[in-house]
Amino acid sequence: MDVPPIVLDRAGGEPLAAQLAAALRGAAAGGALRAGDRLPSTRALAATLGLSRTVTSAAYEQLLAEGWVEGRVGAGTYVTTAPPASPAPAPARAAAGGSAGGLVMMRAGVPCTEVLDRGAWRRAWRAAADPAPDAEPRPEGLPEFRAAVVEHLLRHRGLPAAPEDVLATGGSTGAIAEIARTLPAGSAVAVEDPGYQRAVGGLRAAGLRVVPVPVDEAGLVVEALPAGLAAVYCTPAHQFPLGGRLPAARRVALVERARADGFVVLEDDYDGELRYDVAPLPLLAALGPDIVAHLGTASKILTPTLGAGWLVAPRALREAVARQRDRTGTRPAPAGQRVFTAFAASGDLARHLRRVRRELAGRRAEVVEALAGIAVRGDEAGAHVVIGLPDVTAERTVLDAAEAAGIALDGLQRHLVTPAPGPAASTAGIVLGYAGSTRAELRAALPAVATILRAALSDAPDAR
Ligand SMILES: Cc1ncc(COP(=O)(O)O)c(C=O)c1O
């Protein structure tokens with residue numbers, strides 16, 4: 001092992017052996033040396049530090065006597081398994097749900113990891129380690145990952161694509177920022193309002209002008225798109241955060257408008273695999289492969305810690321992203337791609353999707369039942385619902401009361417692109433995510449959430 005840096009004061013009065021012992025003791029107490037670490041031989045350490053072996057031997061003797069190290073005959077000197085005063089290792093937290101500072105996680109955007117089959121997960125990680133390490137990066141993504149994405153899109157999203165149409169990404173949000181940097185600086189990009197703030201952040205950081213466009217219960221109001229846009233960012237499968245599913249007619253209108261005006265559509269399909277009791281709608285990318293950049297991610301169906309996503313886009317846009325990756329030396333990390341590929345190839349991904357849909361459908365039903373009598377929006381898809389509140393004050397009151405009850409909820413205000421008074425009606429409310437906690441935590445928290453919401457709504461009986 002590496003010896004920690006040791007500074008000795010050779011001109012000072014303190015014996016060098018005592019200084020050396022103190023330095024090693026300090027390293028063990030501070031964590032630079034750990035239980036079980038093997039110290040260099042007295043001879044080697046003496047040579048490294050330019051000391052006589054008498055000094056290093058005396059220091060080791062001192063530490064042996066104090067119990068910091070132990071000598072194993074013929075095997076060297078080791079830091080003891082329990083050196084005096086060393087900090088105890090922190091216990092690992094085996095949490096199934098997300099964490100929100102000790103609160104029950106009921107914010108949107110956290111995946112349901114509770115039902116992930118740990119055996120299958122382990123197998124995928126093991127299989128991901130099988131291939132020899134790659135010497136060359138693959139900025140466009142691993143070929144087997146791109147093939148797995150093609151299969152996933154066909155089976156689970158009804159989108160036919162070829163492997164060369166797909167670029168691996170580190171996740172949707174990063175990909176939005178990458179696409180943003182390929183657009184001319186200063187150009188206008190429409191976003192849903194309320195909408196996904198990290199998309200807004202990525203667009204603005206690229207020097208683009210963000211143009212908020214209203215959203216209603218069905219999603220983006222396509223007719224309200226202004227002229228002169230370079231791109232439109234939207235979440236048609238389950239509008240984030242209001243939860244609408246963009247109807248087929250609006251999808252067709254958006255694609256036709258994009259062709260007529262010459263803008264690109266960024267279709268963020270962040271939770272598109274999650275849908276309940278409703279027929280699938282065609283992806284924008286299926287309707288307009290020539291003008292749609294489709295963004296998918298493993299973040300909601302598995303976990304964002306994989307850092308695995310995909311982009312299906314027209315060739316010119318893919319090439320612009322690839323050129324930018326080449327210029328800047330950026331590329332998505334392959335480890336998550338390998339795990340996703342292995343998880344998909346074994347059939348575990350398809351099994352997991354069935355399981356997670358069943359689980360989330362059950363949770364959604366529990367949420368709707370617990371909130372009986374309260375209007376719940378956006379419950380046909382995804383893993384969060386929205387409950388409208390009369391005003392911003394009611395929203396703040398509900399968030400504070402929930403926090404006091406140990407529950408982390410989310411408010412709509414945070415998702416407004418144009419701060420309240422809002423661009424559209426009903427911009428006050430609660431975004432309630434039901435994937436991020438355990439089922440038991442959710443069940444235990446729902447009655448309190450219902451009580452808090454009813455109290456806020458009873459102050460304004462005509463509110464929705
Ligand atoms: C609308 C939307 N898009 C994308 C993402 C994140 O995707 P990724 O983790 O792939 O960046 C989220 C996460 O909450 C989201 O809410």
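This is a short tour of a predicted model, one selection at a time.

**Stop 1: the domains**

Domain 1 covers 16-79, and domain 3 covers 118-346. Domain 2 comes in two pieces, 104-111 and 349-458.

Now show domain 2 and domain 3 together. Their C-alpha centres are 25 Å apart. Domain 2 gives 27 residues to the contact, and domain 3 gives 33 residues. Look at the domain 2 side. Helix H12 (348-370) and strand S13 (384-388) each provide at least two residues there. H12 has the largest share of that side, with seven residues. Colour the domain 2 side by class: 17 residues are nonpolar, six are polar and four are charged.

**Stop 2: the ligand**

Select the ligand and the shell around it. How many residues surround the ligand? There are 13. By class, the shell holds eight polar residues, four nonpolar ones and one charged one.

**Stop 3: H6 and H7**

Select residues 172-180 for H6 and residues 197-205 for H7. Their axes come within 8 Å and cross at roughly 25 degrees. An angle under 35 degrees counts as roughly parallel, so H6 and H7 are roughly parallel to each other. The crossing of H6 and H7 is right-handed.

Show the side chains at the contact.

**Stop 4: two cis peptide bonds**

Step back to the loop between strand S6 (188-193) and H7, where Pro194 is found. Which kind of peptide bond joins Asp193 and Pro194? The bond is cis, with omega about 5 degrees.

Then go to the loop between strand S9 (229-234) and helix H8 (248-261), where Pro241 lies. A cis peptide bond joins Phe240 and Pro241 too, and its omega is about 10 degrees.

**Stop 5: H4 and H11**

Select residues 118-128 for helix H4 and residues 334-345 for helix H11. The axes come within 8 Å, and the crossing angle is roughly 125 degrees. H4 and H11 are therefore oblique to each other. Their crossing is right-handed.

On H4, show Ala124, Trp125, Ala127 and Ala128. On H11, show Ala335, Arg338, Val339, Ala342 and Phe343. By class, the contact of H4 with H11 has eight nonpolar residues, one charged residue and no polar ones.

**Stop 6: H2 and H3**

Finish with residues 42-49, helix H2, and residues 53-66, helix H3. The two helices pack at about 120 degrees, and their axes are 8 Å apart. H2 and H3 are therefore oblique to each other. The crossing of H2 and H3 is right-handed.

Pick Thr42, Arg43, Leu45 and Ala46 on H2. Pick Arg53, Val55, Thr56, Ser57 and Tyr60 on H3. The contact of H2 with H3 divides into four nonpolar, three polar and two charged residues.

Methods
Residues are numbered from 1 along each chain as its sequence is written. This is a predicted model: local features need pLDDT of at least 70, side-chain atom pairs count only at pLDDT 80 or more; totals for chains, interfaces and linings use all residues. A residue is near a molecule or strand if its C-beta atom, placed from the backbone, lies within 6 Å of it. Ala, Val, Leu, Ile, Met, Phe, Trp, Tyr, Cys and Pro count as nonpolar, Asp, Glu, Lys and Arg as charged, and the others, Gly among them, as polar. Axes are lines fitted to C-alpha atoms, for helices over the stretch in contact, and angles run from 0 to 180 degrees between N-to-C directions. Helices (H or I, at least four residues) and strands (E, at least two) are DSSP runs, numbered from the N terminus. Angles under 35 degrees count as roughly parallel, over 145 as roughly antiparallel, 65 to 115 as roughly perpendicular and the rest as oblique. A crossing is left-handed if the near helix is turned anticlockwise from the far one by less than a right angle, and right-handed if clockwise. Domain bounds come from an automatic or database domain assignment. Two residues are in contact if their C-beta atoms, placed from the backbone, lie within 7 Å.
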